[in-house]
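Dear colleague,

Please find below the structure that I am handing over to you.

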2 protein chains.
Amino acid sequence: MKPSVGIRDVAQHAGVSNATVSNVLNRPDVVAPATRQRVLAAIEQLGFVRNESARQLRAGRSRVLAYVVLDAANPFFTDVARGVEDAARDAGLALFLCNSASDDGREREYLELLHEQRVEGILITPVDTESAQLADRGTPVVLVDREATDGTRCSVAVDDVLGGELAVTHLIESGHTRIAVVGGPLSIQQVRDRHEGARRAVANAGLPADALTFLETRGLQVGEGRNAGDRLVGLPSGRRPTAAFCANDLLALGLLQSMTQQGLRVPDDLAVVGYDDIEFAAAAAVPLTSVRQPREQLGRTATQLLLAENEPDHEHRHVKFQPELVVRASTSARRTGVR
Amino acid sequence: MKPSVGIRDVAQHAGVSNATVSNVLNRPDVVAPATRQRVLAAIEQLGFVRNESARQLRAGRSRVLAYVVLDAANPFFTDVARGVEDAARDAGLALFLCNSASDDGREREYLELLHEQRVEGILITPVDTESAQLADRGTPVVLVDREATDGTRCSVAVDDVLGGELAVTHLIESGHTRIAVVGGPLSIQQVRDRHEGARRAVANAGLPADALTFLETRGLQVGEGRNAGDRLVGLPSGRRPTAAFCANDLLALGLLQSMTQQGLRVPDDLAVVGYDDIEFAAAAAVPLTSVRQPREQLGRTATQLLLAENEPDHEHRHVKFQPELVVRASTSARRTGVR
DNA sequence: TCTCCTCGTTGAAACGTTTTAACGGTTGAG
DNA sequence: CTCAACCGTTAAAACGTTTCAACGAGGAGA
């Protein structure tokens with residue numbers, strides 16, 4: 001089926017050596033215009049497609065970057081990916097996206113494959129920062145939206161503890177004293193950090209630690225948020241929190257749906273704060289108060305760090321951005337008379 | 001920095017030939033357990049990572065599929081991608097996602113690269129179906145969410161004309177006689193088809209053709225929807241449509257935001273129908289009536305067709321699914337007394 | 001005319017695997 | 001005791017590029 005036309009077929013057809021064809025492909029300026037035309041014509045005519053494997057095998061380089069994303073369905077990550085792609089593009093590299101879907105095994109498989117492919121570099125938001133599958137294997141790796149604990153690689157992160165603190169402080173200042181923290185699994189560092197921030201806020205306000213109720217979820221998707229909402233409503237009304245801080249916006253949106261379905265009003269019966277401030281947060285049934293992160297910038301910066309990795313005297317850096325609270329209707333209680 | 005340990009280093013270290021190492025890697029059962037252990041130990045010890053380029057060059061095969069997506073930020077496509085990945089996974093292949101971001105040039109670059117990489121197959125939702133960059137170059141290509149006009153490749157699509165018809169018929173039956181069709185650019189086939197469906201619905205109902213007002217957008221993102229909304233509100237109120245059919249949910253959500261911001265109510269002042277029924281449609285400020293497509297199934301089926309491509313007597317197939325209207329609050333007019 | 005450059009082109013050696021046919025050694029049947 | 005079959009292992013030939021040193025042909029300067 002495939003006659004598989006190679007560089008030497010082109011050479012023969014154009015009456016030159018294969019080295020010349022290679023030159024036309026890689027250093028067009030070095031070859032005489034007339035020959036160049038002849039070779040290009042031959043390429044066109046034979047439908048030649050350069051074999052990247054062979055090229056890479058010999059040349060060593062690879063022209064592609066990969067970003068292993070935690071959940072491709074989460075707009076937060078696609079926004080980060082946009083930043084990554086822009087930066088990669090500026091450097092003349094293409095970007096392959098891989099979706100680990102929060103699955104340890106998939107993540108490992110993709111990492112293995114990418115190492116074997118000898119991509120120029122790997123960006124990853126790992127399922128588990130401590131995991132051994134991140135060990136150095138020759139290809140530079142930069143952590144995105146996670147902080148590298150050891151100094152063995154670069155990372156770009158956002159201060160999640162601060163983010164959690166901002167969110168819960170806002171709830172406390174709005175008068176809430178029973179607050180649910182929704183998120184999970186705890187193996188994800190972000191969840192832990194945001195939870196930690198929540199605890200810090202409570203401590204700062206001088207509230208007892210049991211002002212927080214932790215509702216652990218099995219993941220960070222909308223469906224899990226709905227589940228959590230159902231559980232929340234099931235609590236005895238005396239013990240039921242009056243506000244919820246969700247580890248991301250998807251959970252918050254799920255929670256919102258659950259509330260609406262059960263006939264509870266947001267924020268009157270339950271105030272809700274999300275995290276990430278994805279585009280859909282503002283368009284939600286009740287526009288969502290959320291903690292905003294510099295998404296594109298996260299991706300862009302991570303890529304720049306990655307590209308700097310193979311500079312001669314490289315030192316691993318850890319960049320940390322600040323999050324920002326965006327207040328919307330889901331917490332600006334109507335009970336206080338607003339509107 | 002990289003000592004670049006190869007298969008022969010491993011062989012030497014384990015006291016065997018490189019062929020045996022290769023066997024351990026590819027046909028572990030054929031080599032004696034003792035030797036296998038020895039080789040595996042050497043691999044571990046030297047931190048050997050197989051060079052996929054070399055493997056692929058020699059073996060011909062490539063273990064990866066690619067999906068070139070029109071807009072990675074659109075949940076519709078990530079849902080399709082989930083279906084693709086599941087199916088690819090079942091076949092023992094990995095999936096690389098590429099985002100053309102509706103850009104002709106990027107699409108071409110990615111296609112070029114993927115052909116050069118000799119991936120096992122390419123799935124694509126192209127910017128422009130007629131485009132020459134889809135020409136056969138040896139790697140099988142299957143169109144996703146687009147119908148192949150010629151018989152040169154497989155495609156999996158949804159009946160977009162029917163979808164448009166369903167949506168607008170629903171609006172007409174709800175009593176609307178001035179309807180905006182929002183979408184663009186017209187170079188995208190889906191936009192054309194859905195528009196065509198709208199016209200058909202109008203014709204079927206015996207309404208004049210100018211019952212439809214076409215609002216062309218420059219893209220299919222939320223921001224474009226907001227723009228369209230602003231333009232819509234700017235129309236003289238006598239001429240202003242009472243309903244809008246958007247080419248996808250992102251546009252519809254943007255339109256919704258614009259309406260809210262301008263103080264208009266949905267559906268009372270403007271009924272809205274979206275398309276795709278993404279997860280966020282149900283969670284919107286006003287839950288969105290939308291046209292649902294079988295997303296995962298779309299991806300899964302496309303992948304199966306792709307994998308069938310290199311069977312001996314392959315005939316290109318065109319699968320077409322039926323869409324389904326999901327009615328929610330954005331069209332169930334409160335004016336009729338419902339709640 | 002001779003020498004020295006420059007320019008465009010080329011032959012051949014890599015790159016690191018997979019694969020094939022062949023190898024020697026052991027085993028079981030006759 | 002012989003022979004065939006089998007088993008685990010191996011040497012060597014690909015795979016299709018890139019790269020590098022070397023080459024010949026002109027042209028310029030002496």
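**Chain A as a whole**

Of the 339 residues of chain A, 50% count as buried. Please bear in mind throughout that this is a predicted model. The secondary structure of chain A amounts to twelve helices and twelve strands. Its C-alpha trace spans about 85 × 40 × 35 Å along the principal axes. The radius of gyration of chain A is 26 Å, whereas a compact globule of 339 residues would have one near 20 Å. Among the contacts in chain A between residues at least 6 apart in sequence, 70% join residues that are at least 24 apart.

**How the two chains meet**

How are chain A and chain B related? A rotation of 180°, with 0.0 Å of shift along its axis, superposes chain A on chain B with an RMSD of 0.0 Å. The two copies are thus related as by a two-fold rotation axis. Within chain A, the residue that comes closest to this axis is Ala285(A), whose C-alpha lies at 1.5 Å.

The contact between the chains takes 41 residues from chain A and 41 residues from chain B. On the side of chain A that touches chain B, two or more residues come from each of α4, α5 (75–90), β2 (94–99), α6 (104–117), α10 (249–261) and α11 (279–282) of chain A. The largest share, six residues, is that of α6(A). By class, this side of chain A has 21 nonpolar, ten polar and ten charged residues. Of the interface residues of chain A, 100% are also interface residues in chain B, so the copies meet through the same surface.

**The nonpolar core**

The largest nonpolar core has 180 residues, and of these Ala284(A) and Ala284(B) touch the most other members. Leaving aside residues up to four places away in sequence, Ala284(A) touches Leu253(A) and Leu256(A) in chain A, and Ala283(B), Ala284(B) and Ala285(B) in chain B.

**The surfaces near the DNA**

The surface near DNA strand C divides into twelve nonpolar, eleven polar and five charged residues.

**Local backbone features**

Two cis peptide bonds may be of interest to you. One runs from Val266(A) to Pro267(A), with omega near 5°; Pro267(A) lies in the loop between α10 and β9 (271–273) of chain A. Another joins Gly184(B) and Pro185(B), with omega about -5°. Pro185(B) is found in the loop between β6 (179–183) and α8 (189–204) of chain B.

Positive phi values also occur in residues other than glycine. For Arg63(A), phi is near 60°. Arg63(A) is placed in the loop between α4 and β1 (64–69) of chain A, and is partly exposed, with 18 other C-beta atoms within 10 Å. Ser102(B), which is not a glycine either, has a positive phi of about 60°. Its place is in the loop between β2 (94–99) and α6 (104–117) of chain B. Is Ser102(B) buried or exposed? Ser102(B) is buried, with 21 other C-beta atoms within 10 Å.

**A residue in helix α12 of chain B**

Thr301(B) has its place in helix α12 (residues 295–308) of chain B. With 21 C-beta neighbours inside 10 Å, Thr301(B) counts as buried. Not counting residues up to four places away in sequence, Thr301(B) touches Val156(B) and Val319(B). The C-alpha atoms of Thr301(B) and Val319(B) are separated by 8.3 Å, while the two residues are 18 apart along the chain.

With kind regards

Terms used
Residues are numbered from 1 along each chain as its sequence is written. Chains are lettered from A and ligands numbered from 1 in the order in which they are written. This is a predicted model: local features need pLDDT of at least 70, side-chain atom pairs count only at pLDDT 80 or more; totals for chains, interfaces and linings use all residues. Helices (H or I, at least four residues) and strands (E, at least two) are DSSP runs, numbered from the N terminus. The radius of gyration is taken over C-alpha atoms; the globule rule is 2.2 Å times the number of residues to the power 0.38. A residue is buried if 20 or more other C-beta atoms lie within 10 Å of its own, exposed if 12 or fewer, and partly exposed in between; C-beta atoms are placed from the backbone. Two residues are in contact if their C-beta atoms, placed from the backbone, lie within 7 Å. Ala, Val, Leu, Ile, Met, Phe, Trp, Tyr, Cys and Pro count as nonpolar, Asp, Glu, Lys and Arg as charged, and the others, Gly among them, as polar. Copies are superposed by least squares on the C-alpha atoms of residues with pLDDT of at least 70 in both. A nonpolar core is a set of buried Ala, Val, Leu, Ile, Met, Phe, Trp, Tyr and Cys residues joined through C-beta atoms within 7 Å.
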